Amino acid sequence: MICCENESSSGSGDTDSDADSLLLEVASPGLRREHRSPTDTSAGTDAFAIPGAFGTLDITGARQVEPPKMNDLTSVVLPGDIVNILGGNVWGHCGMITNISAVLQFPVLLDMIPADKHTGKEAKVEHLDFDVHVFMLDVMQSASNMPDIFISQLAVVVHPDTKEVCLVKRVQSGLAIMLRRSHSGNPMIVEILMSPFSKDTLNFELFQHVANEVMTAPQNNNWSKRTAVRAFLRHAELKPTKHRSERSRLNLATALESCWKARPVCSTVPPRIWQRYLKARSEEPRAPLPSMNLAGVKVQRGKGTDAHLLHCGRSLGAESGMETDSSETENGQNCFATDICSSTADGRCGPSNGMQCKDCKQAQWSLPSDHPDPRIAFVEDVLRLMPLKDDRALPEELCTCLVATGYWTRLDMRRRAPAHRRTHRKSVTI
């Protein structure tokens, strides 16, 4: 359904109100229509702005087309991936992708280069590309001027030169689209964090159910200034060293469930949905974890802090005299993952106070914990895959924390997709 809503224009080429009069409202499959909003959210319009909602792209005259063969977001992005809009303020603005609902083609992509008061150069418009593909991302998020957690659309393109994912807007006078620029004058970048799941390993039906539960929860889901202040003053990251025993992990399960009752900010939404998904998954039948890693070496659970991780006990790195290139040694005990390994004092993969080698990490990857207690299994998965409290996370800390796990990957369209996403060739919706 297409809805019209007039917005005033401020005359600025970079404001949220310009060229966004026709609003697109297309319900995401599987998600309730009454929770959609005809607006999308960007980070604010100055360095310390609070995120707010603004109108989506005017699609009049645009053609819906098949995804391009090159720079195709639908081939790598899945529901549950996280977006962080950079450039609108110093913190960013987060949301969670639920779908790529359409790929549209516009004749021209423009960019308005701001005037430079230091050199005296005037503002100018440049033609960046022609026959441009625009991806409409359905994103679940929380914003300060919306009454609830909602789903909106972000219109993005892959920049023809930098390959960054950029926000775009419609030029009022024609079919051209233009890069959105922030208060600093730079293009607004949409950073995408890909989850460790693939179309084969994510339970889409369960994930959809959890997402709907979060949106329809019988509690106040208005954006919260109090939560924002808490996020600014406290650290959200969960450290396994503070949850070594099973008793402490049971206590953490209760604490996480309590966090879910707090009113959200933008960076609350993705971890809340993912943690509730991991909890729901832990309550279903789960297979035992692998007994060998990808190198065919036997593995077992670590001890204490690393009780939630699989370790092979192999020597790591040059200190052990083992080679670290891509050729396995004669006894087969080489570890090739020194780029992601944080070995223990004795230079081994585990069994305590150290991260996994690459083979052990990839063997465990997104598999659920096989601990017999579902609540402990839930916490073990959280400590690996979403290790933070959702009621005190700023966008930057959320992204930094997830990338540091080694399971979440920043999308880089200049490089090949991560191994677990290379078989994904068709957009999936929830």
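How many of the 12 residues of α6 are buried? I counted a residue as buried under 20% relative accessible area, as exposed over 50%, and as partly exposed in between (1.4 Å probe, protein chains only). The answer for α6 is 10 of 12, so this helix is largely enclosed by the rest of the structure.

**Ground rules.** This is a predicted model, where local features need pLDDT of at least 70 and side-chain atom pairs count only at pLDDT 80 or more, while totals for chains, interfaces and linings use all residues. Residues are numbered from 1 along each chain as its sequence is written, and side-chain values use heavy atoms, with hydrogens and water left out.

**Whole chain.** I found seven helices and 15 strands in the protein chain. Helices (H or I, at least four residues) and strands (E, at least two) are DSSP runs, numbered from the N terminus. The chain has 430 residues, and 54% of them count as buried. It exposes about 19,200 Å², with 50% supplied by carbon and sulfur atoms. These areas come from the Shrake-Rupley method with a 1.4 Å probe; for residues, only the protein chains shown count as cover.

**Helix α6.** I went back to residues 374-385. The helix reaches 16 Å from its first C-alpha to its last, close to the 16 Å expected at 1.5 Å a residue. The expected span is 1.5 Å times one less than the number of residues. Its buried residues include Phe378, Glu380 and Arg384. Among the elements that cover them are α3 (246-259), α4 and α7 (395-404); contact means heavy atoms within 4.5 Å. At the start of α6, a side-chain oxygen of Asp373 comes within 2.9 Å of the backbone nitrogen of Arg375.

**Helix α1.** I checked the length of residues 204-216 next. The 13 residues should span 18 Å, and the end C-alpha atoms are 18 Å apart, which agrees. Phe204, Phe207 and Met215 are among its buried residues. The buried residues of α1 pack against β7 (93-113), β8 (124-141), β9 (150-158) and α4 (269-282).

**Ser195.** Where does Ser195 sit? I found it in the loop between β12 (189-194) and α1. Ser195 is buried, with a relative accessible area of 1%. Leaving out residues up to four places away in sequence, Ser195 touches Asp81, Trp274, Tyr407, Trp408, His420 and Arg421.

**Salt bridges.** I searched the whole structure and got 22. A salt bridge is a side-chain nitrogen of Lys or Arg within 4 Å of a carboxyl oxygen of Asp or Glu. In one of them, Glu191 pairs with Arg410, and the closest N and O atoms are 2.5 Å apart. Glu191 lies in strand β12 and Arg410 in strand β15 (residues 409-410), so the pair ties together parts 219 residues apart in sequence. Glu191 is buried at 15% relative accessibility, whereas Arg410 is partly exposed at 38%.

Lys279 took two entries. Glu257 forms a salt bridge with Lys279, at 3.8 Å between the closest N and O atoms. This pair links helix α3 to helix α4, 22 residues apart. Glu283 also meets Lys279 in a salt bridge, at 2.8 Å from N to O. I noted one network too: Arg249, Arg301, Asp370 and Glu380 are linked by salt bridges.

How values were computed. Polar contact = N/O pair within 3.5 Å; in protein donor to acceptor, adjacent residues only side chain to side chain.
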